[in-house]
Amino acid sequence: MALKILFSPSESKISLNTNNKFNGKDLIFPELFDKRVEILNRYDEFLKKANLDDIKKLFGLKELEESKQLRESLSQKGSIKAILRYDGVAYKHLNYRG
């Protein structure tokens, strides 16, 4: 039996550049991988077609500048486990890496 601890996402995140592409092998519930890919594909299509106001509305942002990075596919960007990405107080005290 595995112990699972739930943490809420943190406002603070570490900016890490990884070469790990999204492949699903490290995700919980691997049987949902195809659904995750479908969602990412829909998101990518939205980013390609949406205007800047649509994107700002999606993210709840008042200000956002157009950039090449904004429209890049998430599947082509580096990925990292959330437990390693977030950097709030609770995550620091958890000391996952230690």
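**Reading helix packing, a pocket and backbone angles**

A: The axes of helix α1 (residues 33-49) and helix α2 (residues 52-59) come within 8 Å and cross at roughly 135°. Axes are lines fitted to C-alpha atoms, for helices over the stretch in contact, with angles from 0 to 180 degrees between N-to-C directions. Helices are DSSP runs (H or I, at least four residues), numbered from the N terminus. The model is predicted: local features need pLDDT of at least 70 and side-chain atom pairs count only at pLDDT 80 or more, while totals for chains, interfaces and linings use all residues. Residues are numbered from 1 along each chain as its sequence is written, and side-chain values use heavy atoms, with hydrogens and water left out.

Q: How are α1 and α2 oriented to each other?

A: Angles under 35 degrees count as roughly parallel, over 145 as roughly antiparallel, 65 to 115 as roughly perpendicular and the rest as oblique. Helices α1 and α2 are therefore oblique to each other.

Q: Which residues in α1 and α2 meet?

A: Contact means heavy atoms within 4.5 Å. From α1, Y43, F46 and L47 meet D54, I55, L58 and F59 of α2.

Q: Which residues line the second largest pocket?

A: On a 1 Å grid over the protein atoms alone, a pocket is an open set of points where a 1.4 Å probe fits, with protein on both sides within 12 Å along at least five of seven lines; lining residues have an atom within 4 Å of a point. Here the lining consists of Y43, L47, F59, L61, L64, Q69, L70, E72, L74 and K77, of which 7 are nonpolar, 1 is polar and 2 are charged.

Q: What is the phi of F29, and of N95?

A: Most residues other than glycine have a negative phi. F29, in the segment before α1, has a positive phi of about 60°. N95, in the segment after α4 (89-94), has a positive phi of about 50°.

Technical notes: Helices (H or I, at least four residues) and strands (E, at least two) are DSSP runs, numbered from the N terminus. Ala, Val, Leu, Ile, Met, Phe, Trp, Tyr, Cys and Pro count as nonpolar, Asp, Glu, Lys and Arg as charged, and the others, Gly among them, as polar.
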